[in-house]
Amino acid sequence: QVHLVESGGDLVQPGGSLRLSCAASGNIFSSGLMGWYRQAPGKQRELVAVTTTGGMANYGDSVKGRFTISRDITKKAVYLQMKNLKPEDTAVYYCYYRLGTQYWGQGTQVTVSS
């Protein structure tokens, strides 16, 4: 069983920065995919960033160049550094892990507003 807990969501002004963290417990393997999705009100959940096997990272088009994902295998953690935040980044951000079965965290709210 895998348990994911996100933290770091907050209210931030446009142009600001924020760092999200996801702490995992349970059977986490480096070969599993780990990353972030987000869901804004009335919209479908969308990919933000994911670390692939081999340490590569894939980003959603809307966050490329502004967000950076990183992963600490020893701590079973994944992080999302977000810069130059825009109002359209407002959403609930979910951590996820997949190795066969997919697991989701409970989400953390990020609100970008002046």
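At 10% relative accessibility, T108 counts as buried (under 20% relative accessible area is buried, over 50% exposed and in between partly exposed, with a 1.4 Å probe and protein chains only). This is a predicted model, so local features need pLDDT of at least 70 and side-chain atom pairs count only at pLDDT 80 or more, while totals for chains, interfaces and linings use all residues. Residues are numbered from 1 along each chain as its sequence is written, and side-chain values use heavy atoms, with hydrogens and water left out.

T108 sits in strand β11 (strands are DSSP runs of E with at least two residues, helices are runs of H or I with at least four, and numbering starts at the N terminus). Its side chain reaches over to the backbone nitrogen of G9, at 3.1 Å. Setting aside neighbours within four places in sequence, T108 is in contact with E6, S7, G8, G9, L20, A91, V92 and Y93 (contact means heavy atoms within 4.5 Å).

Now for strand β3, where R19 has its place. R19 is partly exposed, with a relative accessible area of 45%. What does R19 lie over? The answer is the face of Y79, at 4.2 Å from the ring centre (a charge sits over a ring if NZ of Lys or CZ of Arg is within 6 Å of the ring centre and within 35 degrees of the ring normal). Beyond four places in sequence, the contacts of R19 are S7, G8, Y79, L80 and Q81. R19 and G8 are 11 residues apart in sequence, and their C-alpha atoms are 6.1 Å apart in space.

S21 is in strand β3 too, and with a relative accessible area of 19% S21 is buried. Its contacts, again leaving out neighbours within four places in sequence, are V5, E6, S7, W36, V78 and Y79.

## Aromatic pairs

A search of the whole structure turns up four aromatic pairs (rings of Phe, Tyr and Trp, the last by its six-membered ring, pair if their centres lie within 6.5 Å; planes under 30 degrees apart are stacked, over 60 edge-to-face and the rest tilted). One of them joins Y37 and Y96: the ring centres are 5.1 Å apart and the planes stand at 90°, so the pair is edge-to-face. Y37 lies in strand β4 (residues 33-39) and Y96 in strand β9 (residues 91-99), so this pair ties together parts that are 59 residues apart in sequence. Y37 is partly exposed at 21% relative accessibility, whereas Y96 is buried at 3%.

Y37 also pairs with W104: here the centres are 5.3 Å apart and the planes at 75°, so this pair is edge-to-face as well. The link again runs between distant parts of the chain, from Y37 in strand β4 to W104 in strand β10 (residues 101-104), 67 residues apart. W104 counts as partly exposed at 32% relative accessibility, and the charged end of R45 sits over its ring, 4.4 Å from the centre. Taken as a group, Y37, Y94, Y96 and W104 form one aromatic cluster.

## The nonpolar core

How many residues does the largest nonpolar core have? It has 27, and L4, W36, L80, M82 and Y93 have the most contacts inside it (a core is a set of buried Ala, Val, Leu, Ile, Met, Phe, Trp, Tyr and Cys residues joined through side-chain atoms within 4.5 Å). Strands β1 (2-7), β3 (18-26), β4, β5 (46-51), β7 (67-72), β8 (77-82), β9 and β11 (108-112) each supply at least two residues of this core.

Key
A polar contact is a pair of N or O atoms within 3.5 Å; within protein, one must be able to donate a hydrogen and the other to accept it, and residues adjacent in sequence count only if both atoms are side-chain atoms.
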